[in-house]
2 protein chains.
Amino acid sequence: MKNTIKIERARHNLTQANLAEKIGVSRQSINAIEKGKFIPSTVLALKLAKLFNASVETLFLLEDDD
Amino acid sequence: MKNTIKIERARHNLTQANLAEKIGVSRQSINAIEKGKFIPSTVLALKLAKLFNASVETLFLLEDDD
DNA sequence: TTAAAAAGTAAAGTTTATTTTACATTTTGG
DNA sequence: CCAAAATGTAAAATAAACTTTACTTTTTAA
């Protein structure tokens, strides 16, 4: 599973810390998700998509091994 | 968080058991998700959306308390 | 109406997401 | 260049997702 959070974050001029704050998770969670260390819950994915005016499908991409 | 899995499952004529099999989780997981007992991971949400030709956003609806 | 299938539920266990704290490295702006 | 901000990382703890087993209740079809 890939995601484009880092890119969207750049487009929206947000740091990991302020994205985390807006979404209501810790900064380390954002970092870990960006780095592919774990996959967020659907609630988090929906919140991120909403914030970025994107779909969950464009933000998170299924891969063969998922 | 609400979801419309039960409805989509009906539209696609699938039992909890065969949906579970197609998605690769246990039947109890499908049941628990339908009953709102827990919120699936983003991978699961994407797989369900794909199977149902729906978007994650239409399948899973954020609520105020999320 | 009855047997079979499907759905609901529950407890115990495993795995994975997420937090907290804390520190190291990298990037950025003055 | 230098300080501050941002990012990376890691360990320990907690919460939540998910599995397995097993049993009960409800629905469906013959």
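Author: Contact here means heavy atoms within 4.5 Å. The model is predicted.

Reader: Which residues of helix 2 of chain A meet residues in helix 3 of chain A?

Author: On the helix 2 side of chain A they are A:Gln16, A:Ala17, A:Leu19 and A:Ala20. On the helix 3 side of chain A they are A:Arg27, A:Ile30, A:Asn31 and A:Glu34. By class, this contact divides into four nonpolar, two polar and two charged residues.

Reader: What makes A:Ala17 nonpolar and A:Arg27 charged?

Author: Ala is counted as nonpolar and Arg as charged. A:Ala17 lies in helix 2 of chain A and A:Arg27 in helix 3 of chain A.

Reader: Why is helix 2 of chain A called roughly perpendicular to helix 3 of chain A?

Author: Helix 2 (residues 16-23) and helix 3 (residues 27-34) of chain A pack at an angle of about 110°, and their axes are 8 Å apart. Angles of 65 to 115 degrees count as roughly perpendicular, so helix 2 of chain A is roughly perpendicular to helix 3 of chain A.

Reader: At what angle do helix 2 and helix 3 of chain B cross?

Author: The axes of helix 2 (residues 16-23) and helix 3 (residues 27-34) of chain B cross at roughly 110° and come within 8 Å. These two helices of chain B are therefore roughly perpendicular to each other. Helix 2 of chain B contributes B:Gln16, B:Ala17, B:Leu19 and B:Ala20 to the contact, and helix 3 of chain B contributes B:Arg27, B:Ile30, B:Asn31 and B:Glu34.

Reader: How much area is buried between chain B and chain A?

Author: About 1400 Å² is buried between the two chains, and carbon and sulfur atoms give 73% of that area. B:Thr42, B:Leu46 and B:Leu62 supply 40% of the area that chain B buries against chain A, more than any other three residues. The contact takes 18 residues from chain B and 17 residues from chain A.

Reader: How do you know whether B:Asp64 is buried or exposed?

Author: The relative accessible area of B:Asp64 is 83%. Exposed means over 50%, so B:Asp64 is exposed. B:Asp64 is placed in the segment after strand 2 (60-61) of chain B.

Technical notes. Residues are numbered from 1 along each chain as its sequence is written. Chains are lettered from A and ligands numbered from 1 in the order in which they are written. This is a predicted model: local features need pLDDT of at least 70, side-chain atom pairs count only at pLDDT 80 or more; totals for chains, interfaces and linings use all residues. Side-chain values use heavy atoms; hydrogens and water are left out. Helices (H or I, at least four residues) and strands (E, at least two) are DSSP runs, numbered from the N terminus. Buried means under 20% relative accessible area, exposed over 50%, partly exposed in between (1.4 Å probe, protein chains only). Axes are lines fitted to C-alpha atoms, for helices over the stretch in contact, and angles run from 0 to 180 degrees between N-to-C directions. Angles under 35 degrees count as roughly parallel, over 145 as roughly antiparallel, 65 to 115 as roughly perpendicular and the rest as oblique. Buried area is the accessible area (1.4 Å probe) that two parts lose on being put together, summed over both.
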